Amino acid sequence: PVENPMTMVRRFQSGGLDLVYVVPPERVDWAKRELGTQMRVGRGVSNEVLVFNTRRGPTADVRVRRALSMAIDRETIARSVIAFPGVDAWGYVPPGIGNWGEGAKPDFAAWTQARRDAEARRLLAAAGYGAARPLKMRISFPSTELNRKVAVAIATMWRRVGVLPELQQKETKSLVAEVARGDFDAARFVWLAGFSDPVAFLERLYSSGSAVGVNASGYANPKYDALLERAQQEVDLARRAAILREAEALALADQPVAPVYYLVGRRLVSSRTTGFAENPRGMYPSW
């Protein structure tokens, strides 16, 4: 185990490591130049999201959740932080998932960022927040350098609409425990599919009978639950996908979880390593 990603990159370059699964985005272009085909970049079937606490606190108000999600400039994060333009996420289900097609998007996805920011300020004002009473928000995130950079970027975007964010870097175990207790405002998580189907992502918002670790936001909408139940009974894949898109659109209107970007895999694979094949889940068993 090596905590610092750049230490891993240097050890790989010197021949001390054969596989590096996480390369910092800012080092990808350098690695392509210096290491050639040993640098592997590809999309994955995962969604980086910001989970809001829908049970208590300011984010129990849908107006606040929508405002905070609108204020996230996903295109800038994809381009400048992730260094992979085009992976900005508007829906919960990533592109390329089986039995799906094109997913839903929130109504504000097609707006300019200036219009989103203006509407975010209006929603926050309607919820009772403004210059005299600014919204204070905790952003909790796992302690990695990339997670910190994304959290800093989101905090900067929220300040632009009058929010006062507080960054809280946590060990993953501690973060999961706090979210399970409901002691959070907004927390960054990875949604990784167990199988290639939209349900693998949409079931994470399914409240009836779901464990807290799955439905971390505490989202509860009987209409959403009913749509997922209908989809479970539908054997025609096209009709099933249409029902699931309706469910996704409903949840995106409520924004219990704000999608931020779709996963990008950045791996270093030594030329002496044989049998390596790209895997969209980022799982690489040895043989």
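**Aromatic rings and a surface patch**

Tutor: R245 lies over the face of W100, 5.5 Å from the ring centre; a charge sits over a ring if NZ of Lys or CZ of Arg is within 6 Å of the ring centre and within 35 degrees of the ring normal. This is a predicted model, in which local features need pLDDT of at least 70 and side-chain atom pairs count only at pLDDT 80 or more, while totals for chains, interfaces and linings use all residues. Residues are numbered from 1 along each chain as its sequence is written, and side-chain values use heavy atoms, with hydrogens and water left out.

Student: How many aromatic pairs does a search of the whole structure find?

Tutor: A pair of aromatic rings is described by the distance of the centres and the angle of the planes. Rings of Phe, Tyr and Trp (its six-membered ring) pair if their centres lie within 6.5 Å; planes under 30 degrees apart are stacked, over 60 edge-to-face, and the rest tilted. The search of the whole structure gives four such pairs. Among them is the edge-to-face pair of W90 and F108, at 6.2 Å centre to centre and 70° between the planes.

Student: Are W90 and F108 buried or exposed?

Tutor: Buried means under 20% relative accessible area, exposed over 50%, and partly exposed in between (1.4 Å probe, protein chains only). Both W90 and F108 are buried. Together with W111 they form one aromatic cluster, and R115 lies over the face of W111, at 3.9 Å from the ring centre.
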